[in-house]
Amino acid sequence: MKSPSPRRTRWWALSVASMATLVVTADSGQLSIALPVIIREFNADITLAGWIALVYALVTASLYMPCGRLSDLVGVGRLFKIGFLVYSASSLAAGLSQGAEQLVFFRALQGVGSALIMANNFALVTALFPPEERGRAMGIAGGSVSALGYSLGPVIGGLVTHALGWRANFYLSAALAVIGFAAARSLLPAQTLKGSTTRRVPFDFTGAAAFSLSISLLLVALTTAQKGLWREPLIIIEFAGGIVALAFFILWEKRCRDPLLDLVLFRIPAFTLGNAARWISFVTMSVHNLLMPFFVQSVMGLDPLRAGLLVAPTPIAMALMAPVAGWLSERYVPERLGALGLATTAIASMGLSFLQPEATALEVIFWLALIGLGMGIFQTPNNNLLMSSVPRERLGISSSFLSIVRSVGYSTGAALGATIVSAQLVRVTGQTSLQNSHGPAGLSDAGPLLEAFLLGFRYACLTAGVICFIGAALSAIRVSRLR
């Protein structure tokens, strides 16, 4: 992908990137609203929700970078088509799971498909669109469509789970992925089937293995520590092993002639600080994505259908704001927009921490919509700033790194939220289970359990708010003029 494509071709190609985003984000929203039902069916506790989120994030985070590098070498179009097929098959298998272990395994395979189709979305947009159209294109594919998927996901998930059961959500994801494969095969221009280099370049298998080992150990450590077992020897070994593997990866990349990740990218201030703020934004989002379905179903006593409708304001607000923010990012300083967005999200996170069991639907809608507004203001300018700061020959690996940051951010947020809530449940009840939370009354008649969950929920929201304010400060640093 050497230069911007003809106008008609590039906008048709954008529909493929948009379809990829829709498939993955809708599936995430559907699954989040179905988690309480899944946990009850498999007689599990809240850590299963953390594992389902984390194993997906672990696999995608491990594979995004190799997939990004492969796209630079062989072309993004080929990876898109394979990814849609893998995602479809694994979604179908996940819907047929007969136990928690099987579901976690097939969720991991979904991560493989997601890595293949999502690692290069931003690279595709950056390569095909000129700067004067890039903000709007990213606002559509990375903002509006993403938010649309998150909007439709909980609503569809609530409706499908209520009417057909949680398994039907995975069958729907499989069907959407088949449509995505057909779109990729028909609409991607021929140039996306070619690599960005003409010389034969070896793939950095050693670097890929070291990075995968590092990210896997660190994310597994985060998950196994969710019940407050941070000082357990196994947890310490996992963290230490992850850090050692990461150190080896960095040293290897410095010496490798054709590295998996060109570390020179981190000398670009916009790339480094932008990714730090991006990570913080997804940590914050993940905390709320994990805990809000439990609050509205277990604390407020809503069924999955009404719960899905109630948590939809966040992605709806993002969908409405993303194209506007994309247009603004082409004309105004993106750092200021990013800082404003994260500060707004931080305020909304603080507001959620004060919700009570008797909270009205309007209260929940207001704070969740404010989170969506803030994220909509932040994401597109941040994405545009990051991808416009890197060399064209590194678009694939840079795009994949943005996906890694998103994946690691989501897994970190899930681990953080589950850890804080689990710590309060253990302190008050001696266990982490929320199995007694089902039924029309939710937790309203389970005094100690309700008190423990609410306290953990408040602490988690406050923590997310503080972290998000730090992200706003980082995002406010003017780096676009230092490219």
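**Aromatic rings in this model**

W166 is buried (under 20% relative accessible area; exposed is over 50% and partly exposed is in between, using a 1.4 Å probe and protein chains only), with a relative accessible area of 3%. Before going on, note that this is a predicted model, where local features need pLDDT of at least 70, side-chain atom pairs count only at pLDDT 80 or more, and totals for chains, interfaces and linings use all residues. Residues are numbered from 1 along each chain as its sequence is written, and side-chain values use heavy atoms, leaving out hydrogens and water.

So how do we describe two rings together? A pair of aromatic rings is described by the distance of the centres and the angle of the planes. Rings of Phe, Tyr and Trp (its six-membered ring) pair if their centres lie within 6.5 Å; planes under 30 degrees apart are stacked, over 60 edge-to-face, and the rest tilted. By this rule there are ten aromatic pairs. One of them is W166 with F170, edge-to-face at 6.1 Å centre to centre and 85° between the planes. F170 is buried too, at 2% relative accessibility.

Now look at F266 and F401, an edge-to-face pair with 5.3 Å between centres and 80° between planes. This pair links distant parts of the chain, 135 residues apart: F266 is in the loop between α9 (233-255) and α10 (269-299), while F401 is in helix α15 (residues 395-429). Helices here are DSSP runs (H or I, at least four residues), numbered from the N terminus. F266 is partly exposed at 32%, whereas F401 is buried at 13%. Together with F271, they form one aromatic cluster.

Terms used
Helices (H or I, at least four residues) and strands (E, at least two) are DSSP runs, numbered from the N terminus.
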